[in-house]
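Please walk me through this structure, from the overall fold to the ligand site. Keep it brisk.

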Amino acid sequence: MKKTLSASDIRTLDECELAYKNRSKGRRKAPDNLFEVVGDTVHAAVAVKPEERAQVIAQFLEKLPEEEREEAQGIVEELVATADELEEESDATELKKENQLSWFDPISGWTLKAKPDDTGMTTNDYGREIPMVLDKKTAIHPKFKGRRAALRLLEKYKKQVFFFGLVYSMEKGYYGPIKLVVRFLGDPGDRVPNDMKFEGTDTELWFWYSPKGTERSLNEVRSIIKRIETARAKNEFRANTGFHCYTCPYREACQAFQAWDANRSDMDRPAAARRGQVVATILPVVQPKTA
Ligand code: SF4
């Protein structure tokens, strides 16, 4: 039985227990759509040396039907160029790509896993060198979204990077502050920013991990693990239907979704679903990760 927990597992469980069960059992997903493939490709491409990128991009794009590859390649190249530019502008040092961080929790018997895009060092407001954990999104900064969407995303990103911070801290045995950075590669175009206050820049969100919160975070993680173990013992994973189902990778075989969707009018569905296509555009593209 799988006894590992990642930020993606927690996000999936929060959304729907049944989707978590499917994920943890490695059930077959709906085929990747263009935006998911673009997200995966960008993350893979920025993690390798520039001279290896063309090959990596071509390999990833093979997952798409041939007629979509050219469009996808254009988007990928643009996002990769933005990632390079932002990396050059950053003051981070000792950057390491695609680290797999993991820590075995002796109390729960589970291993916590985190895969941020980069880790490195940076300077805090007091001029002190501290570790930095960075995650890249192919989406746009929440400041260019509507208030409701921005708040939802903020919560989601925060949970993810704080989990990364926790695993980093436990794996390294480092008990000081960590700068948690979410970097956005998407171009907001002409969108007008909302009136919310964010710490960071137009392309980054910053959070600060404090070791004072470690005990509380560990307790929260352990209660999530308990919840999973209880659900497993009873084999009871509740289906939680809602708008999020339209982006769920398990929707095609999900009876709860089919029943829920059948009672909705066409106008209640996202535009892409009305056209009978795979839905990809209603949520920002974030990289699906295994850890
Ligand atoms: S389609 Fe909806 S109800 Fe079904 S597994 Fe996915 S999120 Fe859960």
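**From fold to ligand shell**

By class, the shell around the ligand holds 10 nonpolar, 4 polar and 2 charged residues. This is a predicted model. Start with the chain as a whole, then return to the ligand.

The chain's secondary structure comes to 9 helices and 8 strands. Its radius of gyration is 19 Å, close to the 19 Å that the globule rule gives for 291 residues, so the chain is as compact as a globular protein of that length. The C-alpha trace spans about 55 × 45 × 40 Å along its principal axes. Of the 291 residues, 35% count as buried. Take the contacts with a separation of 6 or more: 70% of them join residues 24 or more positions apart.

Now the sheet. It is open and has 5 strands, in the order E2-E5-E6-E7-E8, with mixed pairing. Strand E2 (93-97) and strand E8 (204-209) stand at the edges. Each has a single partner strand, so one side of each is left without a neighbour in the sheet. On average, neighbouring strands of this sheet are turned by 25 degrees against each other, direction ignored.

Look inside the sheet at E6 (residues 129-137) and E7 (residues 178-184). These strands run parallel and are joined by 6 bridges. Leu 134 stands opposite Val 181 in E7. Helix H6 (residues 147-172) lies across E5 (118-123), E6, E7 and E8. H6 runs at about 140 degrees to E7.

Back to the ligand. There are 16 residues around it, and Cys 16, Cys 245, Cys 248, Cys 254 and Phe 257 come nearest. Helices H2 (17-24) and H8 (255-262) each supply at least two residues of this shell. The largest share, 3 residues, comes from H2.

Notes: Residues numbered from 1 in each chain as written. Predicted model: local features only at pLDDT ≥ 70, side-chain atom pairs only at ≥ 80, totals over all residues. Near = placed C-beta within 6 Å. Helix = DSSP H or I, 4+ residues; strand = E, 2+ residues; numbered from the N terminus. Nonpolar A, V, L, I, M, F, W, Y, C, P; charged D, E, K, R; others polar. Rg over C-alpha atoms; globule rule 2.2 N^0.38 Å. Buried ≥ 20, exposed ≤ 12 C-beta atoms within 10 Å, placed from the backbone. Contact = placed C-beta atoms within 7 Å. Pairing = 2+ DSSP bridges. Axes fitted to C-alpha atoms, helices over the stretch in contact; angles between N-to-C directions.
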